[in-house]
Every structure is written in C-alpha cells, then in structure tokens.
Amino acid sequence: MKSNLDESQPIFHQISMMIMDDIVDGRLKVEEQVPSTNELSRFYNINPATARKGLQMLVDKGIIYKQRGVGMFVAKGAREALLVERKQHFYEEYIKPLLEEARRIHMNEDMIIDLIRGKKDKESEL
C-alpha cells in the first residue's frame, strides 16, 4: 500500500482502492489476511470508522471476508473478479472514447494500432 493518502478522493475509498490494487498486483493473495481497521487507522493516522468503511466496501463486494475474532481475509476469486471489473472499466473509460474519437476524425483501425505500437510511419495520414 502507498504510504500516504491525498485529498483527491474520500479516504475510505482510497483505503479500499489500495487493498484492491494489492490484490490485483498479487501482493495480497487468496486467504491472506488484510490489514485490520486498527492497523490502517494507526498507519494512516485516520479515524478507525473511516478505515472500517473502506474495508466494509470490500466485504460488501465479496472481495474480502470477515472471520469473527480473527480478522479479514482475501476471498477466493477476488483477484479474478477485480480483473474483470477493471478491464470493463478500462474499456468504458479509455477504449470506448478513443474509438469514438477515432471514428469522428476518420482514423481506421490500422492507424490506431500503429499509434498504439508507437509507429508514426503514417504521420502524413494523420
């Protein structure tokens, strides 16, 4: 997890995003314990209720689960579910608008692929 939080988003959301990033990147594995509410609140110097809200978001999504008296753990299938979600988000936020703009300015598929690959041989066509 990153060492500091910023003002860009609510803190509880940043907490849940950091844990999801750790799961996607493989730093947290299935059945591995995630940092507790108290650990997060001490490390980031935040209210425990804020840390709890970030963790509860992940419980509600089925990404982590609570084991009473022991802690919270990464759920089976969490990484795969997050990858599906992130790929869909990537498509909606980046690919779809890129393709819409490419159509608008009459770029064909080959031109887009060349640009993605870093080829600028077709600059005259741009």
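Guide: Glu31 is found in the loop between H1 and H2, where helices (H or I, at least four residues) and strands (E, at least two) are DSSP runs numbered from the N terminus. This is a predicted model, in which local features need pLDDT of at least 70 and side-chain atom pairs count only at pLDDT 80 or more, while totals for chains, interfaces and linings use all residues. Residues are numbered from 1 along each chain as its sequence is written, and side-chain values use heavy atoms, with hydrogens and water left out.

Look at the backbone of Glu31: phi is positive, about 70°, although the residue is not a glycine. With a relative accessible area of 34%, Glu31 is partly exposed (buried is under 20%, exposed is over 50%, and partly exposed is in between, with a 1.4 Å probe and protein chains only). Another positive phi turns up at His106, a residue other than glycine whose value is near 60°. His106 lies in the loop between H4 and helix H5 (109-116). At 71% relative accessibility, His106 counts as exposed.

Met72 lies in strand S2, and its 14% relative accessibility makes it count as buried.

Met72 also takes us to a pocket. The largest one has a volume of about 190 Å³. Of its 13 lining residues, Thr37, Lys66, Gln67, Gly71 and Met72 are the closest to the centre. Strand S1 (64-67) and strand S2 (71-74) are the elements that give two or more residues to this lining. A pocket here is an open set of points on a 1 Å grid over the protein atoms alone, where a 1.4 Å probe fits, with protein on both sides within 12 Å along at least five of seven lines; lining residues have an atom within 4 Å of a point. Its volume is the space filled by probe spheres set on the points, which are joined across faces, edges and corners.

Helix H2 (residues 37-44) is our next stop, and it holds Ser41. Ser41 is buried, at a relative accessible area of 8%. A polar atom of the Ser41 side chain lies 3.0 Å from the backbone oxygen of Asn38.

For a contrasting serine, turn to Ser8, in the segment before helix H1 (11-24). Ser8 counts as exposed, with 58% relative accessibility. Its side chain joins that of Asp6 in a polar contact of 2.5 Å (a pair of N or O atoms within 3.5 Å, one able to donate a hydrogen and the other to accept it; residues adjacent in sequence count only if both atoms are side-chain atoms). From C-alpha to C-alpha, Ser8 and Tyr44 are 16 Å apart in space, and they are 36 residues apart in sequence.

Finally, have a look at helix H4 (residues 78-104), where Phe90 and Tyr94 sit four residues apart, about one turn of the helix. At 44% relative accessibility Phe90 counts as partly exposed, whereas Tyr94, at 51%, counts as exposed. Rings of Phe, Tyr and Trp (its six-membered ring) pair if their centres lie within 6.5 Å, with planes under 30 degrees apart counted as stacked, over 60 as edge-to-face and the rest as tilted. That rule gives three aromatic pairs. Phe90 and Tyr94 have ring centres 5.3 Å apart and planes at 40°, so this pair is tilted.
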